[in-house]
Amino acid sequence: MVETDVKRPGRNEPCHCGSGKKYKLCCLVKDEEADRALREQQASAAEPAAPPEDTPPQHTPPPPRPQGQPWKRAAQTARGPRRITTPRKAG
């Protein structure tokens, strides 16, 4: 992070420019944009540009998952799934 010599006021404190408004309504956006631009400038100066790669890395998809439920193979018949019924209550 970049440390500045001037301490910025809190969001709800009066603005340092003397407008009488709260800092969050007056200069907060301008100060944040200036800090972001400074950080981007320092980051671009610190990191050399990487050479472009000819081919992007290849992503191999995961193997396909097995379909169905192998533990329920007994419930499957030639006519389709077996219907499970419960007995009626007697009396």
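Modeller: A disulfide is a pair of cysteine sulfur atoms within 2.5 Å, and this is the cut-off to keep in mind as we look at this model, which is a predicted one.

Colleague: How many disulfides does the structure hold?

Modeller: The structure holds zero disulfides. The sulfur of Cys27 has its closest cysteine sulfur in Cys15, at 3.4 Å, which is too far for a bond, and the sulfur of Cys26 is likewise too far for a bond from its closest cysteine sulfur, which belongs to Cys17 and lies 3.5 Å away.

Colleague: Is Cys27 buried or exposed?

Modeller: Cys27 counts as buried because its relative accessibility is 6%, whereas Cys26, at 23%, counts as partly exposed. Across the protein chain, 8% of the 91 residues count as buried.

Colleague: Which side chain of opposite charge is nearest to Asp31?

Modeller: To read a charged residue, we ask whether a side-chain nitrogen of Lys or Arg comes within 4 Å of a carboxyl oxygen of Asp or Glu, which would be a salt bridge. For Asp31, which is buried, the nearest side chain of opposite charge is Arg8, at 4.9 Å, and Asp31 has no salt bridge.

Colleague: Where does Asp31 lie in the chain?

Modeller: Asp31 lies in helix α2, which covers residues 28-46, and the protein chain as a whole has two helices and two strands, arranged along the sequence in the pattern α-α-β-β.

Conventions. Residues numbered from 1 in each chain as written. Predicted model: local features only at pLDDT ≥ 70, side-chain atom pairs only at ≥ 80, totals over all residues. Heavy atoms only, no water. Helix = DSSP H or I, 4+ residues; strand = E, 2+ residues; numbered from the N terminus. Buried < 20%, exposed > 50% of the residue type's maximum accessible area, 1.4 Å probe, protein only. Lys, Arg positive; Asp, Glu negative; His and termini not counted.
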